[in-house]
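Subject: A structure for you to explore

Hi there,

Here is the structure I promised you. Have a look around it, and then read on for what turned up.

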Amino acid sequence: MKEIKSHKDLKVWQESMDFVVKIYDITEHFPSKEAFGLTAQLRRASVSIPSNIAEGAGRKGAKEFSRFLFIALGSLSEVETQLEISQRLGYVAHLDDINNSIYFIRNMLSKLIKSINN
């Protein structure tokens, strides 16, 4: 794998930062009763994705970087589940755009993990 100068050079970090903004935009319209529930959970989990990518990239060694990328994958799955719950509760109607982002980020994370571990 090519050495990166900064986590900001990683396309997956850039995409996950944009993803956070999308999640904040979506949750802005959730009922106020969810401020400490789904809204907070979704925001926290989405922020965890680029944060773990950045922390892993800042660590020394492929094994640690890979571990943090797996944590980012877990947070992505958490967001996906919480969005499904939000949709079932009627807080959000269509998830096509956000599901495309989830798929894209998951694919990039998986490929990066594979390249690091080879």
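Let's begin with a term: a residue is called buried if its relative accessible area is under 20%, exposed if over 50%, and partly exposed in between, using a 1.4 Å probe and protein chains only. At 0% relative accessibility, Ala-72 counts as buried.

Before going further, please keep in mind that this is a predicted model, in which local features need pLDDT of at least 70 and side-chain atom pairs count only at pLDDT 80 or more, while totals for chains, interfaces and linings use all residues. Residues are numbered from 1 along each chain as its sequence is written, and side-chain values use heavy atoms, with hydrogens and water left out.

**Ala-72 and its surroundings**

Ala-72 sits in helix 3. Helices here are DSSP runs of H or I with at least four residues (strands are E runs of at least two), numbered from the N terminus. Which residues does Ala-72 touch, not counting those up to four places away in sequence? They are Ile-49, Asn-52, Ile-53 and Leu-109, where contact means heavy atoms within 4.5 Å.

**How the helices pack**

Two packed helices are described by the angle between their axes and the distance between the axes. The axes are lines fitted to C-alpha atoms, for helices over the stretch in contact, and the angles run from 0 to 180 degrees between N-to-C directions.

Take helix 3 and helix 4 to begin with. Their axes are 10 Å apart and the packing angle is about 165°, so helix 3 and helix 4 are roughly antiparallel to each other. For that wording, angles over 145 degrees count as roughly antiparallel, under 35 as roughly parallel, 65 to 115 as roughly perpendicular and the rest as oblique. The crossing of helix 3 and helix 4 is left-handed; that is the name if the near helix is turned anticlockwise from the far one by less than a right angle, and right-handed is the name if clockwise. Among the residues that meet here are Phe-65, Leu-69 and Leu-76 in helix 3, and Ile-102, Leu-109 and Ile-113 in helix 4.

Now turn to helix 1 and helix 4. This pair packs at an angle of about 155°, with axes 10 Å apart, and helix 1 and helix 4 are therefore roughly antiparallel. Helix 1 passes helix 4 in a left-handed crossing. The residues that meet include Val-12, Phe-19 and Ile-23 in helix 1, and Ser-101, Ile-105 and Met-108 in helix 4.

Is Ser-101 buried or exposed? Its relative accessibility is 11%, so Ser-101 counts as buried. Apart from neighbours within four places in sequence, Ser-101 is in contact with Phe-19 and Lys-22.

**Charged pairs**

Side chains of opposite charge can pair when their charged atoms come close. How many salt bridges does the structure hold? There are eight, each being a side-chain nitrogen of Lys or Arg within 4 Å of a carboxyl oxygen of Asp or Glu.

One of them joins Glu-15 and Lys-11, at 3.1 Å from N to O. These two residues are four apart in helix 1 (residues 11-27), so about one helical turn separates them. Glu-15 is partly exposed at 22% relative accessible area, and Lys-11 is partly exposed at 45%.

Another links Glu-80 with Arg-106, whose closest N and O atoms are 2.8 Å apart. Because Glu-80 lies in helix 3 (residues 62-88) and Arg-106 in helix 4 (residues 96-117), the pair ties together parts that are 26 residues apart in sequence. Salt bridges that share partners also join Glu-55, Arg-59, Glu-64 and Arg-67 into one network. Within it, the closest N and O atoms of Arg-59 and Glu-64 are 3.0 Å apart.

**An aromatic pair**

Rings of Phe, Tyr and Trp (its six-membered ring) pair if their centres lie within 6.5 Å; planes under 30 degrees apart count as stacked, over 60 as edge-to-face and the rest as tilted. By this rule there is one aromatic pair. Phe-30 and Tyr-91 form this tilted pair, with 5.4 Å between centres and 50° between planes. Phe-30 lies in the loop between helix 1 and helix 2 (38-58) and Tyr-91 in the loop between helix 3 and helix 4, so the pair ties together parts 61 residues apart in sequence. Both Phe-30 and Tyr-91 are buried.

Happy exploring!
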